[in-house]
Amino acid sequence: MAHYYMEPSRTFSEFLLVPNLTTKDCNPSNVNLKTPIVKFKKGEKPAYSLNIPFSSAVMQAVSDDRMAVALARSGGISFIYGSQSVEGQAEMVRRAKSYKAGFVVSRSNLTPEHTLKDVLELKERTGHSTVAITSDGSPKGKLVGIVTGRDYRISRDSQSKTVSEFMTPFSKLIYGKSGITLSEANDLIWDHKLNCLPVVDEQGNLDYLVFRKDYDEHKENPSELLDANKSYIVGAGINTKDYAERVPALVAAGVDVLVIDSSDGYSEWQKETIDFVKSNSDVKIGAGNVVDREGFLYLVEAGADFIKVGIGGGSICITREQKGIGRGQASAMIEVAAARDEYFQQTGIYVPICSDGGIVHDYHITLALAMGADFVMMGRYFARFDESPTRKLKVGNNFVKEFWGEGSNRARNWERYDTGGKAGLMFEEGVDSYVPYAGSLHENLSKTIHKIKSTMCNCGSLTIAELQQNARITLVSATSIIEGGAHDVILKENSIAGE
């Protein structure tokens, strides 16, 4: 007979944190939100960690290259959506990886024989205003000059004019030599009032470019999530259908972490996808989504580097009402976290889990972390910001941004759901909607992070690991939920009654 879970399926709104002793060192400025994103062995460090426990959802309306850069600057990671062409997604990954802080491998290169037309087309394609001119047009070729917007005038110069006629030649360039430190490079930039400093080896071959803007941005964003080459760490979503074509293209574009995007990840399709990625690359891959111990263990044994938890809890997801499958996000997190901890005790391998969906208020994020999540994935939260890829509209007297689910017909994401090869959805598992416009990511994320840190201090914890170990969590009744908000008063029109 069928197996029954007689305990009700709980959501985050049905729980509250009970304060622990707040010691004198429990100050928000002392809280460290660094957290692992991929599995690691006991006593070792993970290959990748986040500086804040945030990732943006694998959604057309949320995660493109602009969001990837904005979130990485703050210390989190975006998973660029996969419901687009292989070439389009790979290009987004390349653009995000090109926003580097520090020593940058040149991404825009031409030869002296190219023309102004080539320069303008390259600028249009990449958005880069600085072009390195090398003898063979490669990023590591012999540097012969640099072209910036100051070297030509579109209104006066013919587009057939060769680069050699208007570039700033190597003989007139200020440059650094290989082995120079970033501090020394920045000193040269400031001393000579440069926007860009090329770094060349003893043979005159171009090694790197160092930009003034990267120095400024790094100082303003001390929690930036960077790889060993000082590039932003970038994720991407894949499906279980065209992975043999998509994964190599994303790897070639420089992707750091992949995740399989599916409403239900407890499947042999995901195991086959993980096997392919592990056999053909060194890139880390997450899998999911699951809501119980069995699903978690299946994907861990399949080789997944992290597991996403949650089915049907997203604000635009209607999987539960359409198919009758899913689980309250809190119940799912509690069971999967227990399975993760048991697996760690038995094997010495820690597999991070990501809470995906069910987050309505900022305090739900802290609850998810306390219940065992290493990081959270959110769609609606990030869709509200300037950096999301959707249109900002005025509806009535309010500004909104468009937001639709990957399970909606608008997303045209057949591969995420179909198992029979038909290019279309028999029914939708997501809706097309609006979310209130909220402004910039940085401003809103800073406020949310401060709330999390403040709450952690109330719980006597300075790290996520301490919170998971020491948190005290209580179920709440329907009446206590009402009691927790503003009640029995007449609110002024400009009062904020809730989040």
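Predicted model: local features only at pLDDT ≥ 70, side-chain atom pairs only at ≥ 80, totals over all residues.
The lining of the second largest pocket draws at least two residues each from strand S13 (196-200), strand S14 (206-211) and helix H6 (212-220); helices (H or I, at least four residues) and strands (E, at least two) are DSSP runs, numbered from the N terminus. Residues are numbered from 1 along each chain as its sequence is written, and side-chain values use heavy atoms, with hydrogens and water left out.

In total, 31 residues line the second largest pocket, and Thr130, Thr148, Asn195, Cys196 and Phe211 sit nearest its centre. By class, the lining splits into 10 nonpolar, 12 polar and nine charged residues (Ala, Val, Leu, Ile, Met, Phe, Trp, Tyr, Cys and Pro count as nonpolar, Asp, Glu, Lys and Arg as charged, and the others, Gly among them, as polar).

Now for a pair of helices. H7 (residues 243-253) packs against H8 (residues 268-280) at an angle of about 40°, and their axes are 11 Å apart (axes are lines fitted to C-alpha atoms, for helices over the stretch in contact, and angles run from 0 to 180 degrees between N-to-C directions). That makes H7 oblique to H8, as angles under 35 degrees count as roughly parallel, over 145 as roughly antiparallel, 65 to 115 as roughly perpendicular and the rest as oblique. On the H7 side, Tyr243, Ala244, Val247 and Pro248 meet Glu272, Thr273, Phe276 and Val277 of H8 (contact means heavy atoms within 4.5 Å). This contact has six nonpolar residues, one polar and one charged.

Key. 1 Å grid on protein atoms, 1.4 Å probe; cavity = no way out; pocket = protein on both sides within 12 Å on 5 of 7 lines; lining within 4 Å.
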